[in-house]
Amino acid sequence: MEGFVALYIFMLAAFTGYEIISKVPTILHTPLMSGSNFIHGIVLVGAMVALGRAETSVEMIIGFIAVLLGAGNAVGGYVVTERMLEMFKSTKDKD
Amino acid sequence: MNLNIELLIQVVYFSAAILFIMGLKAMSSPVTARRGIIWAGIGMLVATLISFTHPGMHNFIPMTSAIFVGGIIAWWTGKRVAMTDMPQMIALYNGMGGGSAAAIAAIELVRLSGGGELTHPGTVSQVLAVLGALIGTIAFSGSMIAFAKLQGWMRKVYRFKGQQIFNLAVFATLLYFGWTLTGDSFGPNELMIFFALALLVGVLMTIGIGGADMPVVISLYNALTGLAVGFEGFVLQNPAMMIAGIVVGSAGTLLTQLMAKAMNRSLANVLFSGFGTGDDGTGGDVEVSGSMKAIDAADAAITMAFAETVIIIPGYGMAVAQAQHKVWELTKILQEKGVRVSFAIHPVAGRMPGHMNVLLAEAGVPYDLIYDLEDINSQFPTADVALVIGANDVVNPAARKDTSSPIYGMPILDADKARNVIIIKRGQGTGFSGIENLLFFEDNTRMCYGDAQDVAQKLITGVKSL
């Protein structure tokens with residue numbers, strides 16, 4: 001993948017993110033921040049590959065930390081977002 | 001065989017990226033929000049599972065144990081934490097993501113400094129690795145400080161003379177070392193200084209910021225982590241990371257701007273001024289006239305029970321006192337008496353935008369009783385009672401009247417236009433920002449002192465006894 005292809009991907013992804021957020025009601029701002037926090041937990045995948053290809057012990061230690069932190073980001077982000085969104089119900093849903 | 005696995009991995013990553021985007025989209029409406037996180041969760045799960053099958057990987061035992069240890073700790077803390085503590089948990093998990101991205105970059109750069117090659121060799125890749133390391137590390141240490149502050153572990157706001165110049169100097173040094181890392185000759189020493197400086201910058205950026213501004217800062221670090229993940233995604237040639245990271249980076253940047261705007265401040269103002277720390281003093285030139293008039297809960301209950309419409313304005317005080325359940329109970333009793341009750345939420349009430357909505361939702365308040373600032377402000381003039389529970393700056397008319405006030409121009413809830421205003425407040429002091437609230441001195445305002453939960457209980461008893 002060369003620089004310009006990456007630039008196009010970055011640009012389109014940036015517009016996508018901007019579009020999604022611009023129509024969000026205030027009541028969902030915290031869950032949405034939490035949800036986007038979960039989504040960058042995909043860093044776990046990169047951390048796994050980095051640890052999986054680590055050769056020296058220094059690389060392995062840093063890789064281990066990377067996976068540990070990445071897993072924390074993904075799992076923690078999911079749990080708190082899910083807990084918050086679970087509570088959003090309208091009057092109708094409750095009857 | 002390898003070719004097929006590679007293809008399968010790419011297909012799964014592609015699907016994960018679609019699920020993330022659709023999930024985020026669904027999360028932007030209350031009706032579909034629940035679905036959204038589940039879609040995104042499925043995307044994450046399949047992407048993680050398929051990542052075990054990358055050809056040429058080893059270290060599976062440490063990998064699996066790191067996932068389990070990190071995952072179980074996060075699961076346990078995430079399930080246990082009280083709803084009022086959500087902001088700092090988001091800060092914590094976000095910091096972990098930033099740290100993870102920085103650690104990935106560290107591995108790449110360590111290999112490069114030892115004479116090896118990057119996963120994807122080239123100048124662009126090296127520059128992005130360094131940038132991601134820089135941003136990710138700052139997001140890591142900054143988020144950890146934000147967490148410590150909101151958790152109450154670090155109460156002091158650290159400010160000293162020449163702080164900004166000092167910070168700028170440290171940042172410039174960091175950039176210099178970052179520049180060095182994009183060249184061909186650097187060793188472990190430069191790497192270590194670089195990461196130490198980046199950690200320091202995150203700490204320095206955050207220690208001078210007061211609690212009131214933390215939501216904006218957390219949102220900013222969330223966006224930064226996204227960027228860092230996107231950049232490291234390029235280094236590892238992982239499109240799922242690139243797309244998810246940059247989507248979060250741009251969505252987070254917009255969210256940060258929306259939050260800063262709701263407080264009538266620019267982002268630069270949040271990061272570099274002492275506002276929100278209380279050391280700005282009271283600011284305003286307008287003389288406070290009148291006095292605060294107290295009311296006891298029983299009288300307040302009578303006023304509300306015989307009202308036609310009541311608008312409740314919750315703030316951080318409700319969160320601290322965990323009063324949301326009592327407030328909902330009070331609402332139901334008032335509704336039985338034929339009172340029309342609605343909730344007015346200021347965009348920055350509490351410690352995060354939407355913080356109050358989450359708490360009210362936890363208590364069981366249906367979201368169709370809850371209104372945004374634009375939708376409710378026209379209703380205050382016809383409301384009989386505005387009940388302010390532990391909110392302060394967001395109802396301060398100084399924002400409309402007093403041009404010299406630091407909050408002048410900030411959109412506020414027009415509680416002062418209601419026929420009666422009842423304020424539930426712990427004491428007579430100023431709020432988080434340290435600005436005197438003109439509303440408390442208005443003729444139609446009565447102060448009901450006490451912990452929000454206790455007062456709500458007294459109000460319930462009062463209304464019931466009528």
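This is a predicted model: local features need pLDDT of at least 70, side-chain atom pairs count only at pLDDT 80 or more; totals for chains, interfaces and linings use all residues.
Which backbone oxygen does the side chain of B:Thr445 reach? The side chain of B:Thr445 reaches the backbone oxygen of B:Leu439, at 2.8 Å. This threonine sits in strand 6 of chain B, which covers residues 445-449, and B:Thr445 counts as buried because its relative accessibility is 0%, where the cut-off is under 20%. Leaving aside residues up to four places away in sequence, B:Thr445 touches B:Lys293, B:Val421, B:Ile423 and B:Phe440, as well as B:Leu439.

Let me turn now to the interface of the two chains. The size of an interface is often given as the accessible area lost when the parts come together. Here the area buried between chain A and chain B is about 8200 Å², and carbon and sulfur atoms give 77% of that area. Chain A brings 79 residues to the contact, while chain B brings 103 residues.

As for polar interactions, 15 residue pairs are found in polar contact across the interface of chain A and chain B, with both residues at pLDDT 80 or more. Across that interface there is also one salt bridge, in which the side chains of B:Arg34 and A:Glu82 meet at 2.7 Å, N to O.

On the side of chain A that touches chain B, the elements giving two or more residues are helix 1 (3-22), helix 2 (29-39), helix 3 (43-52), helix 4 (57-86) and helix 5 (91-94). Helix 4 of chain A gives the most to this side, with 27 residues. By residue class, this side of chain A divides into 46 nonpolar, 23 polar and 10 charged residues.

How values were computed:
Residues are numbered from 1 along each chain as its sequence is written. Chains are lettered from A and ligands numbered from 1 in the order in which they are written. Side-chain values use heavy atoms; hydrogens and water are left out. Contact means heavy atoms within 4.5 Å. Buried area is the accessible area (1.4 Å probe) that two parts lose on being put together, summed over both. A salt bridge is a side-chain nitrogen of Lys or Arg within 4 Å of a carboxyl oxygen of Asp or Glu. A polar contact is a pair of N or O atoms within 3.5 Å; within protein, one must be able to donate a hydrogen and the other to accept it, and residues adjacent in sequence count only if both atoms are side-chain atoms. Helices (H or I, at least four residues) and strands (E, at least two) are DSSP runs, numbered from the N terminus. Ala, Val, Leu, Ile, Met, Phe, Trp, Tyr, Cys and Pro count as nonpolar, Asp, Glu, Lys and Arg as charged, and the others, Gly among them, as polar. Buried means under 20% relative accessible area, exposed over 50%, partly exposed in between (1.4 Å probe, protein chains only).
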